[in-house]
Amino acid sequence: MTQPSKPKISVIIATYNRADLLPRAVNSVLSQTFENFELIIVDDCSTDSTLKDIRSFADPRIRAVQNTRNMGQSRARNTGIDIAQGEYVAFLDDDDQWVESKLARQARILDESGPCVGLVYTWFDIIEANSEIRRIGGRGTISGDISGNLIGWDMPASPSAYLVRAEAVRQIGGFDESLRMAEDRDFLLRISMRYNVAVVEDVLTLMHKGHGYIGPAHQPYANPHLAKYIKRHLSEFNQELSERPRSLARILRELAFTEMSLGNRRAAARAYLKAFLLDPIGSLKTTYRNIGLIAGLLWKRFQPDNG
């Protein structure tokens with residue numbers, strides 16, 4: 001296969017120490033029915049055989065870039081964005097995969113839409129790590145101006161399900177490298193504040209859960225970076241959220257669970273009380289659904305330190 005002079009789509013995979021998982025993601029890209037793409041694999045300074053394995057793929061559409069030090073997923077993705085040549089940009093997590101028609105169906109929508117549509121996402125299913133168990137994932141249907149939904153903490157899909165106009169990606173400056181959590185949520189929100197969003201109501205993305213981006217620059221789920229982002233979001237959209245008490249309560253509950261996970265019981269209690277006053281029924285339902293998590297966190301935090 002000859003390399004296109006100018007690819008229509010630039011696919012970006014950021015990877016770190018995933019020599020065992022990366023081939024599945026790469027092969028799902030190479031199997032796409034839409035063939036006019038370049039695949040940019042950014043190795044975020046892996047210490048395993050990742051780079052060697054990348055070079056084993058004999059396809060002229062693949063370009064490999066290696067960071068000299070681990071910089072985290074946002075910076076790795078932005079490295080790919082900086083050199084991307086395509087009109088559209090797609091992101092694929094190194095442990096996820098695509099259905100063969102994914103790019104073709106999304107590209108058709110962007111081709112046929114006006115420039116006001118900047119991003120199209122797909123439905124996705126979830127496959128649990130180290131198993132073949134597949135369960136229903138995202139079935140989002142929101143489209144058009146979805147900025148209000150995102151301000152209210154809706155998140156229809158993650159980057160593996162996106163196809164974005166490269167112009168839109170560059171207008172917002174790519175992924176916010178200061179964020180260690182929720183960078184995908186922030187990215188989609190900033191796109192949605194400039195462009196409309198479309199959806200393919202079909203499962204074209206398979207997300208494998210339980211691996212996480214394990215680079216040393218990235219942190220576990222419940223951590224100060226997530227709490228910081230939620231607080232920033234609450235401050236930035238204070239006026240909009242004040243007019244949507246249920247959405248505000250939903251975000252405050254997320255903050256409460258995060259603070260509790262960090263052992264900040266007073267901060268967690270304050271956030272939960274505010275959420276309860278805004279939406280008592282929703283707060284009680286959320287508490288009931290997460291009673292096991294809450295009990296476990298409280299038990300852990302109140303145990304004496306035997307170290």
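Author: A residue counts as buried when its relative accessible area is under 20%. The model under discussion is a predicted one.

Reader: What makes Ala182 a buried residue?
Author: The relative accessible area of Ala182 is 12%. The cut-off is under 20%, and Ala182 is therefore called buried. Ala182 belongs to the loop between α6 (166-171) and α7 (183-192). Its C-alpha atom is 6.8 Å from that of Leu226, a residue 44 positions away along the chain.

Reader: Why is Ala161 called buried?
Author: Its relative accessible area is 0%. Since buried means under 20%, Ala161 is classed as buried. Ala161 is part of the loop between α5 (147-151) and β8 (162-165). Leaving aside residues up to four places away in sequence, Ala161 touches Lys102, Gln106, Val120, Tyr121, Thr122 and Thr205.

Reader: How many of the residues in the chain are buried?
Author: Of the 307 residues in the protein chain, 52% are buried. The chain has 13 helices and nine strands. Among its contacts with a separation of 6 or more, 76% join residues 24 or more positions apart.

Reader: Why are α10 and α11 called roughly antiparallel?
Author: Two packed helices are described by the angle between their axes and the distance between the axes. For helix α10 (residues 245-261) and helix α11 (residues 265-278), the angle is about 160° and the axes are 8 Å apart. Angles over 145 degrees count as roughly antiparallel, and α10 and α11 are therefore described in that way. Their contact involves residues including Leu248, Leu252, Leu255 and Ala256 of α10, and Ala268, Ala271, Tyr272 and Ala275 of α11. By class, the contact of α10 with α11 comprises 13 nonpolar and three charged residues, with no polar ones. The crossing of α10 and α11 is left-handed.

Reader: How do you know that α8 is roughly antiparallel to α10?
Author: Helix α8 (residues 224-236) packs against α10 at an angle of about 155°, and their axes are 9 Å apart. This angle makes α8 roughly antiparallel to α10, because the class takes angles over 145 degrees. The crossing of α8 and α10 is left-handed.

Reader: Which residues of α8 and α10 meet?
Author: Leu226, Ala227, Ile230, Lys231, His233 and Leu234 of α8 are in contact with Leu248, Ile251, Leu252, Glu254, Leu255, Thr258 and Glu259 of α10. By class, the contact of α8 with α10 has eight nonpolar, two polar and three charged residues. Leu226 of α8, a member of this contact, is also the residue whose C-alpha atom lies 6.8 Å from that of Ala182.

Notes: Residues are numbered from 1 along each chain as its sequence is written. This is a predicted model: local features need pLDDT of at least 70, side-chain atom pairs count only at pLDDT 80 or more; totals for chains, interfaces and linings use all residues. Side-chain values use heavy atoms; hydrogens and water are left out. Axes are lines fitted to C-alpha atoms, for helices over the stretch in contact, and angles run from 0 to 180 degrees between N-to-C directions. Helices (H or I, at least four residues) and strands (E, at least two) are DSSP runs, numbered from the N terminus. Angles under 35 degrees count as roughly parallel, over 145 as roughly antiparallel, 65 to 115 as roughly perpendicular and the rest as oblique. A crossing is left-handed if the near helix is turned anticlockwise from the far one by less than a right angle, and right-handed if clockwise. Contact means heavy atoms within 4.5 Å. Ala, Val, Leu, Ile, Met, Phe, Trp, Tyr, Cys and Pro count as nonpolar, Asp, Glu, Lys and Arg as charged, and the others, Gly among them, as polar. Buried means under 20% relative accessible area, exposed over 50%, partly exposed in between (1.4 Å probe, protein chains only).
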